[in-house]
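Subject: Structure for your reading

Dear colleague,

Please find below the structure I promised to pass on to you.

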2 protein chains.
Amino acid sequence: MEKKSQKHGNSVVKMRDVAALADVSIATVSRYLNGNLDRMSTETANRVADAIDKLNYVPNSAARQMVKKSSGLVAVIAGNIDDFFSTEMFKGINAMLESKGYVGVLFDSNSDLDREKRLMQIVSNQIFDGAILQPYNAVSVIQDTIKRPMPIVIADREIEQSPWPQIVTNNYEIARQATQYYKDKGFKRVIMITSSLTMAANRRDRYYGIQSVINNIDVLEVSEKSYNHKKVLQQLVTLINGSQEDTLIFALKERWLTEFIPRLFYKGLIDDKHVAVTGFSDTGTAQYIDPKTKLISQDPYLIGADSGEVMVNLLEGKKQEPEKIIVPAKFG
Amino acid sequence: MEKKSQKHGNSVVKMRDVAALADVSIATVSRYLNGNLDRMSTETANRVADAIDKLNYVPNSAARQMVKKSSGLVAVIAGNIDDFFSTEMFKGINAMLESKGYVGVLFDSNSDLDREKRLMQIVSNQIFDGAILQPYNAVSVIQDTIKRPMPIVIADREIEQSPWPQIVTNNYEIARQATQYYKDKGFKRVIMITSSLTMAANRRDRYYGIQSVINNIDVLEVSEKSYNHKKVLQQLVTLINGSQEDTLIFALKERWLTEFIPRLFYKGLIDDKHVAVTGFSDTGTAQYIDPKTKLISQDPYLIGADSGEVMVNLLEGKKQEPEKIIVPAKFG
């Protein structure tokens, strides 16, 4: 960063500076910025991207507004397509995009920060008209990676001071509401099953929501990539039996409900009086395990549809503040 | 068809005929055939596609072998991305593609024949290097829709006399094997839960496999798009109670196992002696419902990886017969 300011001070960096550093024509830089990349080698595109990065070049509106050829394709980079939430959100996105003649194509980050970054690079260097992200990476990484000016929408992740519109659910509030319901019934302790808390802000928001009501929480983190089912189940049983307090088992993700809760029912460990269970459910499948269990249901399809609608507005040049749209989840 | 032969007889249709009918230059037709579509309006591309169709034009190898710009993107059109099978297959495809510098992007047919056709049109008209399909449509429809010569691989669907390589599982054999296991234990009747049988050949293959061993089958078709959970459950209970014969419940899809079977267990209707359950399971989640239940497990990741490998070979110009690769499922 220091090197940048030394070299270029506060003087305005022009497109020709980028062209000179990348050793390409101004036309090539312009084509890069406008996404006309099909006749450009990946090496050239990367050189232009590097030059933009080194010079901290911000394209002016004239460069941005040059007529751009639309592919009609919108990239959607999902956190992990094995989650029903991601695929259902994509269906919602597509329903909205297609009503306006666009088509969404799905990329899979596979719960991997580096992979997500690589996919953002590809999207930036290919012919996509816009990108809808469900990101793990921080704002600064996204900004450094997607160099080409293109409409960006953030779905399902809450970002402080986001430069882009974001469509999220009320993770904190709904987790708080569910926990309060059980606290009122006398539950004093929580066993929380979750994927890595450091990976995703929405999981942390849920955790904080629970914590704001019941502070006595045992956190059981399960790796999405590899875990021993029997061992996790044993840990759960040990935790349940490890306290006399009435305990609420809170799964931050439907997958952990469907994989571990049926066996706890069979073992007679869940009686709804001393041990109850709740959690986030996307498909309703968890409901089939025990119809009396109260669950939190999100609406990934609607989150997707709203994200698609905001994207269409951006693509059609309608001004859009980097607003936050909240699609509330329901408990009960 | 008659009109075609009247107009053009058996004379060889040339690229210039296509250009003339489409009212574009020969260079434009060539660019279309080689997938250089980014500077071509959708309207022009459609006109060229229509002309190719009307004239029944078959590009000669010279046209095909003109240097083609690669985007590095391979389109994957999945049957329904809400199925874990599809997303896991996509992960397998990607693992193989990415080891060779390609990236897979996922399209969702959403169990809809028309939609799948529209997606194939888009893939044909955009910058994808190849397409991996898990198709509902027939060979002739695929051939009529994907006009641009590009490598095509068929995943998870068995097609008679396929012009493309296909990677499938042994649906018939494994369904037969599982049914035989229960027949040997004295089961004489099957209740089969399935999505629409007319939609997909692999479901029919499973049905025929069961039928080859036990002929007394009640088929319960459930629509993937909308169904009443309570009603289906009631139908199942009625079917179970409707016969004195020892009955095997056979779910052709994991989703029907996880959605309906837990409640049957709770109701005490499954005892493994007079009423047993089996079915196709992709995630292993179904196993958590009852560890004693024997299931058929497919390997969607491996089916994907094999499909990706065949695609890479095609992209690298290695000759590949339209062979059939079988990735066997396991029972037990």
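For chain A the mean pLDDT is 87, and 93% of the residues reach 70 or more. Over residues 1-10 of chain A, pLDDT stays under 50, and the model has six contacts for them beyond four places in sequence. Residues 61-67 of chain A also stay under 50, with 10 contacts beyond four places in sequence. Where pLDDT is low, the predicted coordinates should not be read in detail.

The domain assignment divides chain A into domain 1 (2-65), domain 2 (73-167 + 301-326) and domain 3 (171-297).

How many residues does each chain bring to the contact? Chain A gives 44 residues and chain B gives 45 residues. Together the two chains bury about 3700 Å², and 55% of this area is on carbon and sulfur atoms. On the side of chain A, the residues that lose the most area to chain B are A:Asp38, A:Lys91 and A:Tyr288, which together account for 18% of what that side buries.

Between chain A and chain B, 15 residue pairs are in polar contact, both residues being at pLDDT 80 or more. Several elements of chain A each supply at least two residues to the side that touches chain B: helix H6 (84-98), strand S2 (103-108), helix H7 (113-125) and helix H12 (254-266). H6(A) provides the largest share, seven residues. By type, that side of chain A divides into 20 nonpolar, 11 polar and 13 charged residues.

Side chains of opposite charge can pair when their charged atoms come close. The count over all chains is 20 salt bridges, and the count between chain A and chain B is six. One salt bridge joins the side chains of A:Asp108 and B:Lys91, at 2.7 Å from N to O. Another joins B:Glu98 and A:Arg115, at 2.5 Å from N to O. This pair crosses between the chains, from helix H6 (residues 84-98) of chain B to helix H7 of chain A.

Finally, where does B:Asp246 lie? B:Asp246 is in the loop between helix H11 (229-241) and strand S8 (247-251) of chain B. Although B:Lys188 is 58 residues away from B:Asp246 along the chain, their C-alpha atoms are separated by 5.9 Å. Beyond four places in sequence, B:Asp246 touches B:Gly186, B:Phe187, B:Lys188, B:Arg189, B:Lys273 and B:His274.

With kind regards

Definitions and conventions:
Residues are numbered from 1 along each chain as its sequence is written. Chains are lettered from A and ligands numbered from 1 in the order in which they are written. Side-chain values use heavy atoms; hydrogens and water are left out. Contact means heavy atoms within 4.5 Å. Buried area is the accessible area (1.4 Å probe) that two parts lose on being put together, summed over both. A salt bridge is a side-chain nitrogen of Lys or Arg within 4 Å of a carboxyl oxygen of Asp or Glu. A polar contact is a pair of N or O atoms within 3.5 Å; within protein, one must be able to donate a hydrogen and the other to accept it, and residues adjacent in sequence count only if both atoms are side-chain atoms. Helices (H or I, at least four residues) and strands (E, at least two) are DSSP runs, numbered from the N terminus. Ala, Val, Leu, Ile, Met, Phe, Trp, Tyr, Cys and Pro count as nonpolar, Asp, Glu, Lys and Arg as charged, and the others, Gly among them, as polar. Domain bounds come from an automatic or database domain assignment. pLDDT is the predictor's confidence in each residue, from 0 to 100.
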